[in-house]
Structures are given as C-alpha cells and as structure tokens.
Amino acid sequence: DDIGLSWRHFSMPKTIVIPKDKSFDWNIRILGQINQHIAAQTNVDRAKEQGGVLAGYVCPLSKTIYITHLVPAPSGSVGTSTRFWLNVKGLKETFQQIHLRTNGQITFLGTWHSHTTPSPPSHLDRETLSELTNNYDFPIVMLAYTGGHLVRV
C-alpha cells in the first residue's frame with residue numbers, strides 16, 4: 001500500500017546533430033542548452049565575435065562527440081568585428097580540475113566562436129582548426145555560430 005509511482009516531466013531543448021561527412025568521420029551531438037547558451041552569449045554584443053571552449057566526451061565505438069559543457073573564454077580573450085582570439089592562459093589548469101571532478105570523463109573537445117555576419121567558416125578558421133588537430137589524439141571540434149545556427153568548421 002505504501003508503494004507509489006509519480007512522474008515528473010522535463011522539457012529539454014532539442015539536441016543539435018551534425019552528422020559525419022567526407023571531411024570529418026565523427027557525428028557531433030550538441031545538447032540543446034549548450035546551443036541556447038552560445039546563442040545568448042553571441043547576442044550580448046553582436047558587433048564583436050564571441051567565443052569559448054567546448055567540453056564533453058567522445059565515444060570511439062559509435063564515433064560520436066558529445067558536447068555537454070561550455071568553458072567560458074578566459075579573461076584576456078578578445079573579440080573584434082572580424083576575429084576572436086582565445087586566451088588559453090589557465091585552460092590547462094581548468095581542464096585538470098574538470099578531469100579530477102569527472103574522473104576523466106569530461107574533457108576538452110575544441111572551441112566555438114561567433115561570426116558577426118552570416119558567413120561560412122573562414123580560411124583562418126580552418127587553419128586554426130588544423131593547428132589544434134595536430135596537437136591531440138582525439139578529434140577536435142571547432143564550431144562557428146553564424147546566421148543563427150552552429151556549423152562545424
């Protein structure tokens with residue numbers, strides 16, 4: 001008689017899925033609230049590019065990257081109308097703490113930045129991604145928020 005069942009309903013924003021393609025053999029799943037946070041941060045000052053760091057986990061079995069957390073850009077990062085420079089000072093220590101708190105499950109996945117006008121990823125975006133990719137064993141993701149949505153660089 002004292003066993004009961006109750007339900008709670010939660011409304012979650014839709015997960016964004018960027019499927020693999022010929023140039024990138026990994027699926028990317030971005031939690032809806034991460035997408036909403038990036039959109040909100042971008043709208044704070046649309047005249048300047050905004051940015052930050054992506055964190056989450058990688059499933060090598062399904063070749064899927066799960067973006068579950070954002071790490072704010074460290075102070076000293078600079079956004080202009082055409083560029084975003086991410087200051088990396090302190091990020092190594094930040095991720096050491098994240099690894100400790102999550103038993104190594106949540107890790108650095110890459111970066112994101114906004115474009116002030118709707119435009120595809122630039123040559124500089126692709127060069128920066130190439131430099132990042134050379135330093136890691138896991139796949140690295142760079143996302144650009146442009147034209148009201150996220151795209152993979």
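Predicted model: local features only at pLDDT ≥ 70, side-chain atom pairs only at ≥ 80, totals over all residues.
Next I looked up where Thr 107 sits: it belongs to strand S7, which covers residues 107-114.

Then I checked the surroundings. Leaving out residues up to four places away in sequence, I found Thr 107 touching Leu 54, Ala 55, Gly 56, Phe 95 and His 99. With His 99 I also noted a polar contact between the side chains, at 3.1 Å.

Leu 54 sent me to the strand pairing. I found that strand S3 (residues 51-59) pairs with S7 in the antiparallel sense, over six bridges. Which residue of S7 is the bridge partner of Leu 54? I read off Gly 110.

I then traced the sheet as a whole. I recorded seven strands in an open sheet with mixed pairing, in the order S1-S2-S4-S3-S7-S8-S9. Strands S1 (16-18) and S9 (149-152) are at the edges; each has a single partner strand, so one side of each lacks a neighbour in the sheet. From one strand to the next I noted an average twist of 30°.

Last, I looked at helices lying across S7. Helix H3 (residues 123-134) lies across S7 and S8, and I noted about 155° between H3 and S8. Helix H1 (residues 32-44) lies across S1, strand S2 (27-30), S3, strand S4 (64-72), S7, strand S8 (141-146) and S9.

Technical notes. Residues numbered from 1 in each chain as written. Heavy atoms only, no water. Helix = DSSP H or I, 4+ residues; strand = E, 2+ residues; numbered from the N terminus. Polar contact = N/O pair within 3.5 Å; in protein donor to acceptor, adjacent residues only side chain to side chain. Contact = heavy atoms within 4.5 Å. Pairing = 2+ DSSP bridges. Axes fitted to C-alpha atoms, helices over the stretch in contact; angles between N-to-C directions.
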